Amino acid sequence: MNATDAIFTLVIAALIALLGVLLFTGHATGLIAGYNTLPEEERARYDKRALGRFMGRVMFVVAGCLCLFAASDIWPGNGLFGIGLTLLVATLVFAIYRANSGDRFLKK
């Protein structure tokens, strides 16, 4: 790996962080898979702000994991890739579980 790979990875991480900001502020909830395919009356049952904030936080963690991947390209051999991969998998498993358990994103 070389510095070009690290720069590309950091650019992708920045784009994902930008998406996280848009989701966190509630401006891009239509990009959330599953939510955007619901009928309008079904979407009205969900709290867009809570759903967007949750997915925005997930995007921030994913961007951080990508930064760890880029750092492992620059400084190989210190376990940063393994840490980033473990954190990424754990975050995705947690996000899938949390988003699909209970009714936490329904309006009260």
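**Note on the nonpolar patch and core of a predicted model**

1. On the surface, Ile-7, Phe-8, Val-11, Ile-12, Leu-15, Leu-18, Val-21, Leu-22 and Phe-60 make up a nonpolar patch whose accessible area comes to about 810 Å² together. Patches are built from residues with over 30% relative accessible area and no salt bridge, like charges being joined within 9 Å and nonpolar side chains (Val, Leu, Ile, Met, Phe, Trp, Tyr) within 5 Å. A salt bridge here is a side-chain nitrogen of Lys or Arg within 4 Å of a carboxyl oxygen of Asp or Glu, and accessible areas come from the Shrake-Rupley method with a 1.4 Å probe, where for residues only the protein chains shown count as cover.

2. This is a predicted model, in which local features need pLDDT of at least 70 and side-chain atom pairs count only at pLDDT 80 or more, while totals for chains, interfaces and linings use all residues. Residues are numbered from 1 along each chain as its sequence is written, and side-chain values use heavy atoms, with hydrogens and water left out.

3. Helix α1 provides the largest share of the nonpolar patch, eight residues; helices (H or I, at least four residues) and strands (E, at least two) are DSSP runs numbered from the N terminus. Leu-18 belongs to α1 and counts as partly exposed because its relative accessibility is 49%, where buried means under 20%, exposed over 50%, and partly exposed in between (1.4 Å probe, protein chains only).

4. The largest nonpolar core has 18 residues, of which Ile-16 and Val-58 touch the most other members. At least two residues of this core come from each of α1 (3–24), α3 (48–74) and α4 (80–100), and α3 gives the largest share, nine residues. Such a core is a set of buried Ala, Val, Leu, Ile, Met, Phe, Trp, Tyr and Cys residues joined through side-chain atoms within 4.5 Å.

5. Not counting residues up to four places away in sequence, Ile-16 touches Met-59, Val-62, Ala-63 and Leu-66, contact meaning heavy atoms within 4.5 Å.

6. Leu-88, in helix α4, counts as buried because its relative accessibility is 18%. Leaving aside neighbours within four places in sequence, Leu-88 is in contact with Val-62, Cys-65 and Phe-69, and its C-alpha atom is separated by 8.9 Å from that of Gly-64, 24 residues apart along the chain.

7. Ser-72 is found in helix α3 and, at 12% relative accessibility, counts as buried. Beyond its neighbours within four places in sequence, Ser-72 is in contact with Leu-80 and Phe-81.
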